[in-house]
Amino acid sequence: MKLRDSEIYRYAGFKGNTPDRETVAKTEELKKEATSAVTPLFISREADFVCPDGNTVVIDGVKFRSQKLSKLLSRADKVLLFAATLGVESDRILRKYSVSDSSKYVLAQAVLTEMIENCCDSVLGELLKKYQKSGYSFLPRYSPGYGDLPLEYQREFFSLMDITKRIGVTLNGDCLMTPSKSVTAFIGITREALDCPVPCELCDKTDCQFRRN
């Protein structure tokens with residue numbers, strides 16, 4: 001897995017500033033530690049859906065109220081439900097540095113965020129190749145907690161995928177996932193000819209520190 005330093009430092013809040021030698025050294029140590037300790041897991045499921053109005057998506061009778069998700073999937077023929085996690089070892093790494101080295105903890109958060117994003121991109125890239133043989137493309141990922149889709153819809157998403165049983169990810173009372181470096185997403189499957197869409201294009205949060213320009 002090739003982790004991108006530019007993304008790691010973006011997640012760590014460097015905002016284009018060059019990290020010093022100590023930061024670079026710590027980052028390299030963390031990349032090696034995470035790569036050797038973490039085993040990513042993922043599951044996916046293709047599903048039919050309906051958009052009965054401009055604000056609702058229904059999958060297997062489960063309703064998700066979101067104008068943006070409805071608008072995105074209006075371009076799709078089917079939807080791919082996707083979940084991925086770095087597993088319990090990623091949280092162990094974070095716990096260790098949260099008490100022993102605050103600067104390394106920030107970098108560990110960034111390294112593991114890049115790792116889960118890299119994992120999602122890699123897995124979805126391989127899945128996309130299979131769909132492209134049948135003339136399909138993927139729309140951008142859209143997840144509970146993005147835009148106008150409340151995080152509380154994680155419960156409904158989990159019910160459609162049996163996520164806890166299959167890859168060990170759980171939800172707490174606030175709908176936050178454990179392990180923390182986990183992702184759930186809707187991905188539209190479309191026959192439209194696409195450029196290279198990115199999720200930021202669907203987000204109104206222009207002041208987000210992670211936004212790609």
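Student: Which residues does L80 touch, not counting residues up to four places away in sequence?

Tutor: Contact means heavy atoms within 4.5 Å. L80 touches S44, R45, E46, L124, L127, Y131, F138, A185, F186, I187 and I189. This is a predicted model: local features need pLDDT of at least 70, side-chain atom pairs count only at pLDDT 80 or more, and totals for chains, interfaces and linings use all residues. Residues are numbered from 1 along each chain as its sequence is written, and side-chain values use heavy atoms, leaving out hydrogens and water.

Student: Which residues touch the most other members of the largest nonpolar core?

Tutor: A nonpolar core is a set of buried (under 20% relative accessible area, 1.4 Å probe, protein chains only) Ala, Val, Leu, Ile, Met, Phe, Trp, Tyr and Cys residues, joined through side-chain atoms within 4.5 Å. Here the core has 33 residues, and L80, F82, I93, L112, M115, L124 and F138 touch the most other members. Its largest share, 13 residues, comes from α5.

Student: How do I read two packed helices?

Tutor: Use the angle between their axes and the distance between the axes. Helices are DSSP runs (H or I, at least four residues), numbered from the N terminus. Axes are lines fitted to C-alpha atoms over the stretch in contact, with angles from 0 to 180 degrees between N-to-C directions. The axes of α2 (residues 21-37) and α4 (residues 88-100) come within 9 Å and cross at roughly 145 degrees.

Student: Which residues make the contact?

Tutor: L30, E33, A34 and A37 of α2 meet E89, R92, I93, K96 and Y97 of α4.

Student: Which residues of α2 are buried?

Tutor: T23, K26, T27, L30, K31, E33 and A34. Their cover includes α1, α4 and α5.

Definitions and conventions: Helix = DSSP H or I, 4+ residues; strand = E, 2+ residues; numbered from the N terminus. Buried < 20%, exposed > 50% of the residue type's maximum accessible area, 1.4 Å probe, protein only.
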